[in-house]
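Let us work through a structure by question and answer. Keep the sequence and the 3D view at hand.

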Protein chains: 2
Amino acid sequence: MADYILGIDIGGTNTKYGLVDKKGKVVGEGAFITHAHEKVEFFLEELKKNILPKLEGKSVLGVGVGAPNANYFNGTIMQAANISWGDNVPLQKLISGVFDLPAILTNDASAAALGEMKFGGAQGMKDFVIFTLGTGLGSGFVVNGEIVYGHSGFAGEIGHVGVNPDGRYCGCGRRGCLETYVSATGIKKTVFKMMADYTRPSVLRDVSYNDMTAEMITNAAKDHDYIAIKAFEYTGQIFGQKLADTVVHTSPEAIFLFGGLVNAGDYLLDPATYYMEKFMFKPFKKTVKLLPSSLMDQNAAVLGAAALGWEEFSKK
Amino acid sequence: MADYILGIDIGGTNTKYGLVDKKGKVVGEGAFITHAHEKVEFFLEELKKNILPKLEGKSVLGVGVGAPNANYFNGTIMQAANISWGDNVPLQKLISGVFDLPAILTNDASAAALGEMKFGGAQGMKDFVIFTLGTGLGSGFVVNGEIVYGHSGFAGEIGHVGVNPDGRYCGCGRRGCLETYVSATGIKKTVFKMMADYTRPSVLRDVSYNDMTAEMITNAAKDHDYIAIKAFEYTGQIFGQKLADTVVHTSPEAIFLFGGLVNAGDYLLDPATYYMEKFMFKPFKKTVKLLPSSLMDQNAAVLGAAALGWEEFSKK
């Protein structure tokens with residue numbers, strides 16, 4: 001058996017990579033700009049230039065890749081919002097060609113779930129859910145110890161359950177989707193609503209919509225900013241309510257939260273837990289753990305992509 | 001390998017049974033009154049008296065049992081609303097003792113899912129959901145070709161996702177649960193709301209709440225009764241909207257509907273399909289089949305219970 005899987009996490013801005021051993025130790029880490037808006041060939045050249053030297057003298061079993069809107073079944077990226085390499089880019093085949101190694105592709109949330117299961121807090125769990133709270137809201141399901149891709153390969157799109165049919169407009173064309181409330185973008189929208197609803201002063205009133213970040217809102221909350229705290233409460237309320245709905249679907253043992261918004265810690269977790277329990281169907285009350293990902297401080301996306309590779313190629 | 005599994009479906013009113021072969025052919029069928037409100041020993045006596053003679057000369061591998069609120073993991077019935085044998089009745093052990101055969105227990109919706117997968121319209125499918133629309137709303141999930149029990153053994157309680165936190169009171173103690181709208185009881189409540197909201201005459205205005213059945217509402221709709229048709233539209237709208245939410249969880253290939261309310265056919269299916277598609281996240285639009293169970297006219301509950309037995313005991 002080879003010693004490493006090459007894990008690659010492709011984001012809209014940066015691509016990160018590393019060689020990950022069976023126990024989750026990472027060597028040869030690095031990152032480069034994705035060049036998401038040039039041709040895919042340009043990305044592949046960068047990939048080669050950055051990574052090939054790191055592979056020398058290493059025994060590598062294969063490549064695991066996490067990317068937005070990636071489909072595990074056909075190895076393509078489909079209509080990713082922040083990457084304009086075209087529709088149905090056959091990335092699995094292309095990356096396999098670059099390294100002359102077997103490659104496997106999945107979306108970032110499923111990769112995060114696999115990483116949590118193999119190297120993180122979900123070790124030994126057979127049923128859990130992970131939410132990635134970044135620009136949008138992604139989710140990955142594990143059921144009976146296996147990742148859920150579903151019939152389409154796109155299972156776990158909980159960012160698009162309905163909160164309110166007359167609610168906020170969503171990039172997907174509908175209204176009131178969960179990710180328009182619960183994500184870095186969602187809480188920013190909520191801050192703007194709160195600034196309209198309340199008269200309290202706030203440092204956030206000096207920042208434009210385009211300049212505002214989730215980090216600013218978190219910092220304001222830590223400084224006892226009323227608007228910021230209210231925004232986290234509202235976000236946690238909607239999130240908790242929908243978590244209770246998710247629980248009655250597959251009955252997970254735990255729900256892990258991952259991504260930038262989770263740095264807010266208890267400002268988000270406390271109201272989310274309170275409202276999840278408030279709306280929880282009785283037989284599940286106090287039985288489901290809501291936890292930050294244990295890989296938050298590590299290169300979790302690369303670990304997750306590598307976990308996919310270990311899962312896929314070490315069976316054979 | 002033995003020829004038959006004994007399938008037993010325990011309902012609040014009747015208990016049905018039959019010997020089911022590998023292909024779903026049923027022999028030695030029968031039914032008796034459950035005596036749900038006497039002691040469980042009385043039920044076990046009836047079970048013995050009815051079924052033991054049917055087993056003579058037959059080669060039987062084991063017993064599959066479907067029952068409300070049954071837990072696959074520990075073989076007990078827990079707090080079933082319509083059966084008062086006490087909490088945590090160890091039914092699996094008791095039934096195994098009666099017949100001196102291995103027995104396995106699950107809830108009725110999971111049994112229905114297994115029946116559909118082994119003998120019905122879901123043959124060959126790896127990802128689907130079944131809804132049972134009776135007094136309440138039950139559901140069963142299949143993911144990666146396996147039934148989903150979840151961490152608790154109680155996965156698939158979609159009857160208790162929230163429609164409206166200020167909505168109808170539910171037997172579970174919360175408000176606005178899906179089954180208070182979408183079930184035989186739910187549509188009856190909706191008819192009473194519609195009779196208040198509208199002035200149109202209706203045959204249903206002559207029937208008391210306690211006397212009204214879902215069958216009466218279906219028959220009224222078939223006779224073009226305005227109130228009944230509106231009630232089905234309202235039911236289908238709420239159902240369709242929540243089906244779209246369920247789809248983004250596990251991405252099923254099909255959703256099967258089972259139970260008395262499904263006899264209304266297109267009165268329910270048309271609005272449910274329309275609103276499911278209207279609220280569907282774009283990548284799933286027009287990809288998920290909404291179908292009546294193909295076992296509707298058969299003894300599906302017994303087939304489902306037997307499918308569980310085949311699943312469980314023929315592996316070994």
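This is a predicted model: local features need pLDDT of at least 70, side-chain atom pairs count only at pLDDT 80 or more; totals for chains, interfaces and linings use all residues.

Student: How many residues of chain A are in contact with chain B?

Tutor: Look at both sides of the interface. Chain B brings 37 residues to the contact.

Student: Which element gives the most residues to the side of chain A that touches chain B?

Tutor: The elements that give two or more residues are β9 (137–143), β10 (146–147) and α6 (226–250) of chain A. The top giver supplies seven residues, and this is α6(A).

Student: How many salt bridges are there between chain A and chain B?

Tutor: Charged residues do occur here: the side of chain A that touches chain B has eight. Polar contacts across the interface come to 22 residue pairs. Yet the salt bridge count between the chains is zero.

Student: Why is strand β2 of chain A largely enclosed by the rest of the structure?

Tutor: β2(A) pairs in the antiparallel sense with β1(A) over six bridges. With β3(A), β2(A) also pairs in the antiparallel sense over six bridges. Now count burial, meaning under 20% relative accessible area. β2(A) is largely enclosed because, of its seven residues, the number buried is five.

Student: Which residue in β2(A) is the bridge partner of A:Gly7?

Tutor: β1(A) and β2(A) form a hairpin with three residues between them. Across that pairing, the partner of A:Gly7 is A:Gly18.

Notes. Residues are numbered from 1 along each chain as its sequence is written. Chains are lettered from A and ligands numbered from 1 in the order in which they are written. Side-chain values use heavy atoms; hydrogens and water are left out. Contact means heavy atoms within 4.5 Å. A salt bridge is a side-chain nitrogen of Lys or Arg within 4 Å of a carboxyl oxygen of Asp or Glu. A polar contact is a pair of N or O atoms within 3.5 Å; within protein, one must be able to donate a hydrogen and the other to accept it, and residues adjacent in sequence count only if both atoms are side-chain atoms. Helices (H or I, at least four residues) and strands (E, at least two) are DSSP runs, numbered from the N terminus. Ala, Val, Leu, Ile, Met, Phe, Trp, Tyr, Cys and Pro count as nonpolar, Asp, Glu, Lys and Arg as charged, and the others, Gly among them, as polar. Buried means under 20% relative accessible area, exposed over 50%, partly exposed in between (1.4 Å probe, protein chains only). Two strands pair if DSSP finds at least two bridges between them.
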